[in-house]
Amino acid sequence: MEVSVLQPHVTTPKSVGKTGVLIVNLGTPDSPAVPDVRKYLREFLMDGRVIDISYVSRFLLVNGIIAPFRAPKSAKIYKQLWTETGSPLKYYGHVVEQELQKQLGDEYVVKLAMRYQSPSIDAGLSEFQKLGLTDIVVVPFFPQYASASTGSVYEKVMDIVRSWEIIPAIRFVNRFLEHPKFIEGFAQIARKYMAAYDYDHFLFSYHGLPQSQIRKGDITKTVCQFGECCSTFHALNQHCYRAQCFETTRLLVKALGIPEGKYTTCFQSRLGSDPWIKPYTDDIIKELPGKGIKSVLAFSPAFVADCLETTIEVGVEYKELFEQAGGGHWQLVESLNDSPIWIETLIDLVKTA
């Protein structure tokens with residue numbers, strides 16, 4: 001399927017009164033070439049909400065160590081991910097942009113943006129500004145809120161619009177893990193695999209975060225213990241990323257009728273030596289075959305579009321790790337991508353934000 005980029009709208013009096021919809025995903029390099037990957041890593045990791053240390057320390061770490069040495073390794077992995085249509089994350093983003101525009105109709109102007117790289121948040125908001133839109137809805141593509149993802153999108157949007165002479169009403173979608181159609185979207189994909197194979201275990205792997213970021217978000221300074229505190233979801237831990245992930249798992253487990261004891265929630269993609277939220281996915285995988293678990297259906301419900309962390313990390317690298325530990329059958333539940341129920345979810349989010 002060939003995807004065309006939506007062209008800029010023409011400014012006319014008819015554009016006044018329309019609603020701008022900015023859908024925002026994390027981002028992707030422009031190509032799997034080392035220079036483009038290095039550029040992406042620098043922009044991504046220089047965000048103070050991603051690596052929350054002093055600017056000088058972050059600058060030295062990212063530009064002196066991470067970007068120079070990690071870019072060549074990451075570029076090789078991105079080449080595995082790349083398809084004829086380019087980055088899956090960007091490809092599906094444009095498909096969703098077009099379908100959402102079609103479904104919402106002429107009263108809305110939909111633009112895809114990436115927090116890092118292109119198409120930029122600045123470009124999308126600039127078009128909204130030229131159109132004189134009445135209000136804007138910003139939908140970060142992160143089911144669970146985290147300062148390093150959703151919070152970073154909020155900050156970038158506000159940094160841009162604060163210089164505007166006329167700032168329209170802006171509404172943000174904070175999270176959508178509880179949305180029934182989001183849950184049903186992943187459940188629909190999982191059911192086709194569950195109908196074809198009797199899995200011993202179900203693994204729910206989410207992107208990790210440093211424990212320090214979770215701790216900073218606990219305004220009570222007493223709730224987050226990085227353990228059983230996430231066994232229920234309530235007012236005091238509702239903004240905790242870890243608690244949101246465990247709640248996402250519980251909702252999916254209920255929708256799929258998975259018995260207690262047959263599933264695990266864990267966290268992947270950690271960086272550096274500081275403690276990240278546990279349990280770690282790779283540690284869990286190594287233990288599963290020793291417990292008699294020979295087949296696993298793996299979910300990655302922190303991502304709505306297939307990307308490096310889903311297709312390669314969970315789908316390929318963790319499969320190899322499981323097999324090396326003595327496991328047999330490993331299957332990834334792909335992301336929502338451009339599924340009809342994901343479009344329906346977005347329509348609901350836009351209209352009720």
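Q: Which residues form one aromatic cluster with Trp342?
A: Happy to start there: in this predicted model, the cluster brings together Phe141, Phe176, Phe182, Phe186 and Trp342.

Q: How many aromatic pairs does the count come to?
A: The count comes to 18 aromatic pairs.

Q: What describes a pair of aromatic rings?
A: Two quantities do: the distance of the centres and the angle of the planes. Take Tyr197 and Tyr199, with ring centres 5.0 Å apart and planes at 45 degrees.

Q: Which parts does the pair of Tyr206 and Phe267 tie together?
A: First the geometry: Tyr206 and Phe267 are 6.1 Å apart centre to centre, with 40 degrees between the planes, a tilted pair. Tyr206 belongs to strand E5 (residues 201–207) and Phe267 to strand E6 (residues 263–268), so the pair links parts 61 residues apart in sequence. Tyr206 is buried at 0% relative accessible area, and Phe267 is buried at 1%.

Q: Where does Arg270 lie relative to Tyr280?
A: Arg270 sits over the face of Tyr280, 3.7 Å from the ring centre.

Q: Which residues touch the most other members of the largest nonpolar core?
A: They are Leu125, Val139 and Tyr241, in a core of 94 residues. Beyond its neighbours within four places in sequence, Leu125 contacts Leu22, Ile136, Val157, Ile160, Val161 and Trp164. A separate second core has 14 residues, including Val296, Tyr318, Phe322 and Trp330.

Methods. Residues numbered from 1 in each chain as written. Predicted model: local features only at pLDDT ≥ 70, side-chain atom pairs only at ≥ 80, totals over all residues. Heavy atoms only, no water. Core = buried A, V, L, I, M, F, W, Y, C linked by side-chain atoms within 4.5 Å. Buried < 20%, exposed > 50% of the residue type's maximum accessible area, 1.4 Å probe, protein only. Contact = heavy atoms within 4.5 Å. Phe/Tyr/Trp six-rings, centres within 6.5 Å; stacked < 30°, edge-to-face > 60°. Helix = DSSP H or I, 4+ residues; strand = E, 2+ residues; numbered from the N terminus. Lys NZ or Arg CZ within 6 Å of the ring centre and 35° of its normal.
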